[in-house]
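Keep the sequence and the 3D view at hand.

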Amino acid sequence: MARYLISFNDGDMTFPQEDLPAVASAARTVMREAKDAGVWVFGAGVFPADEVTVVDTDGSVTDGRAPGRDSYIGGFSIIDVPSREEALRWGEKLAVACRCAQDVRELMPDDEA
């Protein structure tokens with residue numbers, strides 16, 4: 001089994017605001033399906049990138065989007081599946097539910113994590 005991060009960028013959900021309850025419901029349906037299938041690890045939406053706090057390597061703290069950085073995660077799911085093909089199937093389900101493209105990336109194994 002391998003763990004995969006399925007995520008989308010903040011701002012990629014471009015549907016009308018009044019559709020948000022239906023989109024949230026569809027995403028929760030996929031989450032419940034993944035739980036029932038035994039592949040769900042964790043997931044969540046995150047607050048908009050305008051509310052991010054960036055901590056740099058020198059310890060400086062910046063509230064809001066960092067200069068020169070244009071990509072922030074808008075939401076993510078972590079699943080544990082036997083194959084990349086299955087991860088892509090879950091990515092497709094989430095893309096349909098969330099109405100936006102999803103990035104599917106295998107997480108590096110770490111025996112200590």
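Q: Over the ring of which residue does the charged end of R99 sit?
A: This is a predicted model, in which local features need pLDDT of at least 70, side-chain atom pairs count only at pLDDT 80 or more, and totals for chains, interfaces and linings use all residues. Residues are numbered from 1 along each chain as its sequence is written, and side-chain values use heavy atoms, with hydrogens and water left out. A charge sits over a ring if NZ of Lys or CZ of Arg is within 6 Å of the ring centre and within 35 degrees of the ring normal. The charged end of R99 is 5.6 Å from the centre of the ring of F15.

Q: How far from the ring centre of W90 is the charged end of K93?
A: Here the charge belongs to K93. It sits over the ring of W90, and the distance to the centre is 4.4 Å.

Q: Is F42 buried, partly exposed or exposed?
A: Buried means under 20% relative accessible area, exposed over 50%, and partly exposed in between (1.4 Å probe, protein chains only). F42 has 46% relative accessibility, so F42 is partly exposed.

Q: What share of the 113 residues in the chain is buried?
A: The count covers the chain's 113 residues. The buried share is 28%.

Q: In what order do the elements of the chain run from the N terminus?
A: Helices (H or I, at least four residues) and strands (E, at least two) are DSSP runs, numbered from the N terminus. The chain has two helices and six strands. Their order is β-α-β-β-β-β-α-β.
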